Amino acid sequence: MAERVLLTNPSFTLPSQPSPTTTMASTATAAIAAARIIPSATALSSSSSRSFFSSSSTSRSSLKCLHLRSSPRISHLFVNQRRTEVRVSSGGYATVSAPKSFASDPDQLKSAREDIRELLRTKFCHPILIRLGWHDAGTYNKNIEEWPQRGGANGSLRFEVELKHAANAGLVNALKLLQPIKDKYTGVTYADLFQLAGATAVEEAGGPKIPMKYGRVDVSAPEQCPEEGRLPDAGPPSPADHLRQVFYRMGLNDKEIVALSGAHTLGRSRPERSGWGKPETKYTKDGPGAPGGQSWTVQWLKFDNSYFKDIKEKRDEDLLVLPTDAALFEDPSFKVYAEKYAEDQVAFFNDYAEAHAKLSNLGAKFDPPEGIVLDSSPKPQAEKFEAAKYSSGKRELSDAMKQKIRSEYEAIGGSPDKPLQSNYFLNIIIVIAVLALLTSLLGN
């Protein structure tokens with residue numbers, strides 16, 4: 001999904017690269033003093049992208065329990081440093097994190113979510129945050145068992161080596177938006193923060209509630225980033241085949257491919273980053289956020305099923321249709337779901353929520369293993385049966401009571417629509433009893 005927020009003068013600093021001896025000494029000092037200053041270095045900028053998805057600190061020693069944090073700056077060139085991650089921070093100090101029971105702290109996750117909601121209300125950055133979460137998770141390869149070699153939602157996208165991938169152009173701006181929240185909530189991993197931001201953006205834009213879980217573990221070094229080329233291209237020679245090749249590698253199916261494509265209902269594509277779209281249209285020239293780009297839908301900050309409707313009609317030249325978008329209505333298998341979602345928004349929301357949650361978990365290693373659920377919905381209470389409530393001339397039962405009666409019938413092999421087999425025997429017994437009573441009365 002094309003991002004929609006272009007920040008001016010991004011200012012990230014990168015930690016300098018000391019020698020191994022210096023690093024070990026500095027780490028020891030940090031462990032004792034709990035803080036040290038890391039000078040900044042040259043920084044980086046985004047390269048062009050042709051991505052389909054258009055809508056922490058580096059460990060520096062063998063002391064794995066230490067997590068040193070640093071502050072970065074971006075310039076116009078990537079520097080070839082081996083152990084750097086892109087960060088933006090209000091301060092220039094590295095701190096040693098206290099040991100935690102789990103990868104992320106549940107209370108801090110909830111607080112971070114509120115800060116993300118406020119960020120969305122002020123920056124209108126829904127699409128770029130969704131894209132960030134997708135691109136961190138979308139590198140997963142189901143054919144590789146080892147973590148983190150298999151890729152997926154592990155926070156690796158914070159490192160410059162992965163940010164340089166063509167498909168990730170512009171995502172440095174999403175990192176800049178989220179870094180102050182990461183600095184504030186040190187008990188939240190980057191992997192969780194990226195997915196939390198994406199799911200919250202969907203929900204705040206009017207989309208479905210995503211059944212998320214958290215507790216993702218971060219990779220610790222750029223050497224653990226996946227190789228380039230695992231993310232989809234927007235304009236391959238055979239769009240449908242390309243989508244299947246990429247998404248099948250992740251373990252997703254045709255329905256999930258089409259449902260996830262529907263997130264293009266949000267956002268814009270900018271030609272200077274992706275090579276696709278117009279510099280501006282009547283729908284994007286005034287923002288909100290930085291103006292420009294071409295959107296897939298008229299209301300490109302509202303999550304609904306208009307993406308499928310607009311692609312199907314193809315009547316507005318100011319709306320973007322990529323080759324991979326058009327393939328949804330050209331490929332016979334994809335078309336079944338695209339047609340369905342164009343007509344039924346509820347079905348789209350249900351399938352999208354499941355697909356988004358599945359994507360966000362791909363390749364992740366959870367601590368605790370079962371994950372952390374922030375919103376445990378209470379189980380609905382069964383309606384208590386009160387005879388008096390239904391014996392006062394009321395003709396219509398509630399839906400809950402109808403379901404209760406039906407389930408009780410079915411539990412013993414019957415149905416409200418037909419008599420139970422045992423009723424026949426009961427009827428015979430009643431008839432015999434009545435006949436016996438009549439015979440006795442007549443005899444007397």
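The paragraphs below go from the whole chain to single residues.

This is a predicted model, in which local features need pLDDT of at least 70, side-chain atom pairs count only at pLDDT 80 or more, and totals for chains, interfaces and linings use all residues. Residues are numbered from 1 along each chain as its sequence is written, and side-chain values use heavy atoms, with hydrogens and water left out.

Start with the overall make-up. The protein has 15 helices and six strands. These are DSSP runs, numbered from the N terminus: helices are H or I runs of at least four residues, and strands are E runs of at least two. The chain holds 444 residues, and 51% of them count as buried. Buried means under 20% relative accessible area, exposed means over 50%, and partly exposed lies in between, with a 1.4 Å probe and protein chains only. The accessible surface comes to about 21,100 Å². Carbon and sulfur atoms account for 55% of that surface. Areas come from the Shrake-Rupley method with a 1.4 Å probe; for residues, only the protein chains shown count as cover.

Next, the interior. In soluble globular proteins, nonpolar side chains tend to be buried together. Here the largest nonpolar core has 75 residues. Such a core is a set of buried Ala, Val, Leu, Ile, Met, Phe, Trp, Tyr and Cys residues joined through side-chain atoms within 4.5 Å. The residues with the most contacts inside it are Ile116, Leu129, Leu178, Phe303, Phe308, Leu328 and Tyr352. Helix α6 (residues 190–204) gives the most to this core, with eight residues.

Look at Phe308 in detail. Contact means heavy atoms within 4.5 Å. With neighbours within four places in sequence set aside, Phe308 is in contact with Val258, Gly262, Leu328, Phe329, Ala338, Tyr341, Ala342 and Phe348.

Now turn to Thr200, found in helix α6. Thr200 counts as buried because its relative accessible area is 2%. Not counting residues up to four places away in sequence, Thr200 touches Arg113, Ile116, Arg117 and Leu120. Ala234 and Gly275 are 41 residues apart in sequence, with their C-alpha atoms 9.6 Å apart in space.

What of the cysteines? A disulfide is a covalent bond between the sulfur atoms of two cysteines. The criterion here is a pair of cysteine sulfur atoms within 2.5 Å. By this rule the count is zero. Cys125 is buried, at 0% relative accessible area. Cys225 also counts as buried, at 13%.

Charged pairs come next. The whole structure has 16 salt bridges. Each is a side-chain nitrogen of Lys or Arg within 4 Å of a carboxyl oxygen of Asp or Glu. Asp375 pairs with Arg113, and their closest N and O atoms are 2.7 Å apart. This pair links distant parts of the chain, 262 residues apart. Asp375 lies in the loop between α13 (345–361) and α14 (399–411), and Arg113 in helix α2 (residues 106–123). Asp375 is partly exposed, at 37% relative accessible area. Arg113 counts as buried, at 10%.

Glu118 is partly exposed at 39% relative accessibility, and Arg121 is partly exposed at 48%.

Asp318 and Lys278 form another salt bridge, at 3.3 Å from N to O. Asp318 lies in the loop between α10 (306–313) and α11 (323–330) and Lys278 in the loop between α9 (271–274) and β6 (294–295), so the pair ties together parts 40 residues apart in sequence. Asp318 counts as buried at 16% relative accessibility, whereas Lys278 is partly exposed at 31%.

Leu426, Ile430, Val431, Val434, Leu435, Leu437, Leu438 and Leu441 make a nonpolar patch of about 740 Å². Patches are made of residues with over 30% relative accessible area and no salt bridge; like charges are joined within 9 Å, and nonpolar side chains (Val, Leu, Ile, Met, Phe, Trp, Tyr) within 5 Å. Val431 lies in helix α15 (residues 421–443). With a relative accessible area of 45%, Val431 is partly exposed.
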